[in-house]
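This briefing concerns a single protein chain. Please consult the sequence and structure shown here, and then the points below, which are grouped by topic.

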Amino acid sequence: MADQDPRELTAEIMRETRIATLTYVDDAGRLVSTPMGTQDFEDPGTVWFITELDTDKVAAIRQRPEVNVAYASDKGWVSLAGRATVSTDRAKLEELWDPSVSAYMEGDAQTPDNGLLEITAATAEYWESPGKAAMLVHLVKGLVTDDKAEDEDDDSSGVVQL
């Protein structure tokens, strides 16, 4: 959908992704990636995750708040670059908490060790999937000819300022 608004395409890919990948820098300076359950969001520029506060991940993010959040769905891929803020906003946590969270975390939204990561993104880079059939054609073309598989539609990726 080359004529789709890039910001809306970014949001659509993010909404279709159940589990995102949060990447942060640990105390030793290494990149660490962890799966995070995607919460609802109004705008792709602000994303919320529920987390336990007493973790190495949260301690590292407090020291180095620059993060990346990656999303992948059948529609495409998104890479958000931004800053994470640790929050103990109980009203927001209560709003985002649902029964599925209880399967992964102890307690509830009022448990003191449960909190939030608010990701404020500066940019989102996206790649739109050409669809399964088109991807297969590109793959076969790359395997059986001297032409390498590549995207033929330059409008299928871009950077969105958030």
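Along the sequence, the elements of the chain follow the pattern α-β-β-β-α-β-β-α-β-α-β. There are four helices and seven strands, taken as DSSP runs numbered from the N terminus (helices H or I, at least four residues; strands E, at least two). The model is predicted: local features need pLDDT of at least 70 and side-chain atom pairs pLDDT 80 or more, while totals for chains, interfaces and linings use all residues. Residues are numbered from 1 along each chain as its sequence is written, and side-chain values use heavy atoms, with hydrogens and water left out.

**Burial, contacts and surface**

- Of the 162 residues of the chain, 38% are buried, where buried means under 20% relative accessible area (1.4 Å probe, protein chains only).
- Among contacts with a separation of 6 or more, 68% join residues 24 or more positions apart; a contact means heavy atoms within 4.5 Å.
- The chain exposes about 9500 Å², of which carbon and sulfur atoms supply 49%; the areas come from the Shrake-Rupley method with a 1.4 Å probe.

- Helix H1 spans residues 6-16, and its residues Leu9, Thr10, Ala11, Ile13 and Met14 are buried.
- The cover over the buried residues of H1 includes strands S3 (46-52), S4 (66-73), S5 (76-87), S6 (114-128) and S7 (157-161).
- Asp5 caps the N-terminal end of H1, with a side-chain oxygen 3.2 Å from the backbone nitrogen of Arg7.
- Thr17 lies in the loop between H1 and strand S1 (19-25), and Thr17 is buried, at a relative accessible area of 4%.
- Apart from neighbours within four places in sequence, Thr17 is in contact with Thr38, Tyr71, Ala72 and Ser73.

**The largest pocket**

- The largest pocket holds about 820 Å³ of space; a pocket is an open set of points on a 1 Å grid where a 1.4 Å probe fits, with protein on both sides within 12 Å along at least five of seven lines.
- Its lining has 30 residues, and Met36, Gly37, Thr38, Gln39 and Val101 lie nearest the centre of the pocket; lining residues have an atom within 4 Å of a point.
- H1, strand S2 (31-37), S3 and helix H3 (90-96) each supply at least two lining residues, and S3 gives the most, with six.
- The lining divides into 12 nonpolar, eight polar and 10 charged residues, with Asp, Glu, Lys and Arg counted as charged and Gly among the polar.

Terms used
Buried < 20%, exposed > 50% of the residue type's maximum accessible area, 1.4 Å probe, protein only. Polar contact = N/O pair within 3.5 Å; in protein donor to acceptor, adjacent residues only side chain to side chain. Points joined across faces, edges and corners; volume = space filled by probe spheres on them.
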